[in-house]
Amino acid sequence: MTMTTAALLSSCGLYKSYERPADIQTDGLYRSENSQNGDSLGIASLAWKEIFTDPQLQTLIEKGLAQNTDLRSAQLQIEQAEASLKAAKWAYIPSLAFSPEGTLSGVDWGKASKTYSIPVTASWQIDIFGSLHNAKKRAQVQVENSQAYRQAVESQLIATIANYYYSLAMMKDQLRVSMETEQSWKANVETTRALMNAGQSNMAAVSQTEANYYSICTQITDLKQQISDLEDEFSALLGEAPQKYDIGSMDYWKVPEQVSTGIPAAVLAHRPDVKQAETQLAAAYYTTNEARAAFYPNLNLSGTIGWTNSLGSVIVNPGKWIWSAVASLTQPLFQNGKLRAQYKISKSQQEQAKLTFQQTLLNAGKEVNTALTKMQASDEKETLYEKQIVSLETAVKSTQALMMNSSTNYLQVLTAQQSLLTAQMSQISNKFDKIQAVIELYQALGGGYTE
């Protein structure tokens with residue numbers, strides 16, 4: 001029965017290397033406007049230093065990469081996988097053992113006879129049906145898997161540091177605008193009070209203007225607290241004691257020139273999660289091959305060579321050379337269904353790995369689409385915010401001038417000022433959204449090339 005099962009399973013594919021299944025969908029992962037058929041990798045071909053060009057940010061990223069414990073742990077996983085691969089390669093080589101022994105024996109406390117044996121034994125498994133081959137290939141893809149994991153940890157760390165850095169830059173830009181607005185609104189309070197004293201305004205206008213001024217003061221306090229809290233979190237991420245970070249404006253950010261709106265599907269091969277998913281599928285493929293190979297015979301060669309003075313019932317001195325060679329073939333006959341069960345389990349796990357790989361590709365395409373769409377929307381809004389702010393600055397100046405001539409009331413001035421502040425804050429948030437979209441695209445395309 002077992003021999004019949006083995007024959008049915010053979011199909012002589014035990015030495016065949018893994019190939020990506022033909023039914024894995026790689027087309028249509030992006031929207032039509034976000035895809036291209038060219039060879040350009042765009043941002044995926046850039047090292048992180050070419051994307052994040054701010055010298056201070058680069059210094060902080062290098063510090064994070066040097067001190068992060070998760071990254072060091074990932075490196076240790078690579079070393080463990082490489083050690084397993086070396087062991088799998090050495091399995092092709094005969095194993096040797098040196099086992100000398102000696103005995104003393106006698107009768108009635110007479111003169112003892114002394115015997116000794118100094119053999120070296122060797123054992124060698126012949127890989128006829130690919131058991132060792134598939135174990136080695138599985139170990140190779142496990143090394144690739146651990147390398148992909150390290151890349152995932154590294155790109156996540158770089159992206160997180162960049163996000164913290166530009167989040168602080170956004171808040172400090174908002175604080176700068178708020179403090180400038182606070183000075184303007186403070187002057188408004190004084191102007192409104194002077195107009196009241198001149199009989200051109202009233203206490204209601206003064207009170208409302210003061211309330212507006214105190215509102216911006218509260219906002220400034222909140223921003224300072226948020227900046228302090230974020231700096232503490234940033235310090236913890238970098239493995240430092242809590243401290244302040246002198247971060248410049250987001251206006252200094254430069255979008256990498258190679259950020260492309262057309263992304264070929266091949267770029268997703270750089271994503272560490274895609275690499276991991278496919279190496280797990282490859283490992284499952286080789287595990288299935290190992291389970292198939294278990295149905296076939298094992299051929300082992302063993303031998304001994306050594307020096308001994310014991311030749312059965314005869315003791316000779318000096319000793320003589322001895323040698324022996326043995327070949328053994330072991331064919332499984334009845335294993336209580338374990339071999340067939342293990343094969344079915346391996347096939348099922350391989351199919352699961354295939355489904356996971358397909359879903360990982362779909363998720364990767366979705367994340368690229370989201371990042372590109374976010375970046376394009378931020379580009380479009382950037383021009384609109386600039387025009388809106390120019391119009392609102394004009395409105396503020398006009399309403400202030402009109403109020404001085406009593407042709408408008410204080411509510412129109414306050415509304416224009418509040419609208420300007422809201423637009424300025426939204427413009428800063430939009431700049432951050434654009435930066436964040438590039439960071440997300442950097443991650444979505446695999447974290448760029450590492451050095």
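Is lysine 63 buried, partly exposed or exposed? Lysine 63 is partly exposed, with a relative accessible area of 28%; here buried means under 20% relative accessible area, exposed means over 50%, and partly exposed lies in between (1.4 Å probe, protein chains only). The model is predicted, so local features need pLDDT of at least 70 and side-chain atom pairs count only at pLDDT 80 or more, while totals for chains, interfaces and linings use all residues. Residues are numbered from 1 along each chain as its sequence is written, and side-chain values use heavy atoms, with hydrogens and water left out.

The protein chain contains nine helices and five strands, where helices (H or I, at least four residues) and strands (E, at least two) are DSSP runs numbered from the N terminus. Along the sequence, these elements follow the order α-α-α-α-β-β-β-α-α-α-β-β-α-α. Of the 451 residues in the protein chain, 41% are buried. Among contacts (heavy atoms within 4.5 Å) with a separation of 6 or more, 83% are between residues 24 or more positions apart. The accessible surface of the protein chain is about 24700 Å², and 54% of this surface belongs to carbon and sulfur atoms; accessible areas come from the Shrake-Rupley method with a 1.4 Å probe, and for residues only the protein chains shown count as cover.

The structure holds 16 salt bridges, a salt bridge being a side-chain nitrogen of Lys or Arg within 4 Å of a carboxyl oxygen of Asp or Glu. Side chains of opposite charge can pair when their charged atoms come close. One of the salt bridges joins glutamate 278 and arginine 20, with the closest N and O atoms 2.8 Å apart. This pair links distant parts of the chain, since glutamate 278 is in helix α7 (residues 272–293) and arginine 20 is in the loop between α1 (2–10) and α2 (48–51), 258 residues apart. Glutamate 278 is buried at 16% relative accessibility, whereas arginine 20 is partly exposed at 39%.

Lysine 63 takes part in another salt bridge, with glutamate 240 (2.4 Å, N to O). Glutamate 240 lies in the loop between α6 (203–237) and α7, and lysine 63 lies in helix α3 (residues 55–67), so the pair ties together parts that are 177 residues apart in sequence. Glutamate 240 is buried, with a relative accessible area of 18%.

A salt bridge is also found between arginine 271 and glutamate 367, whose closest N and O atoms are 3.0 Å apart. Because arginine 271 lies in the loop between α6 and α7 and glutamate 367 in helix α8 (residues 338–404), this pair ties together parts that are 96 residues apart in sequence. Arginine 271 is buried at 4% relative accessibility, and glutamate 367 is partly exposed at 35%. Salt bridges with shared partners also join Asp173, Arg176 and Glu180 into one network.

Helix α9 (residues 410–444) includes asparagine 430. The helix has 35 residues and spans 50 Å from its first C-alpha to its last, close to the 51 Å expected at 1.5 Å a residue; the expected span is 1.5 Å times one less than the number of residues. Asparagine 430 is buried, with a relative accessible area of 3%. Its side chain reaches the backbone oxygen of serine 378 at 3.1 Å. Not counting residues up to four places away in sequence, asparagine 430 touches Ser378, Lys381, Glu382 and Tyr385. Just after α9, glycine 446 takes a positive phi of about 105°.

Note on methods: Polar contact = N/O pair within 3.5 Å; in protein donor to acceptor, adjacent residues only side chain to side chain.
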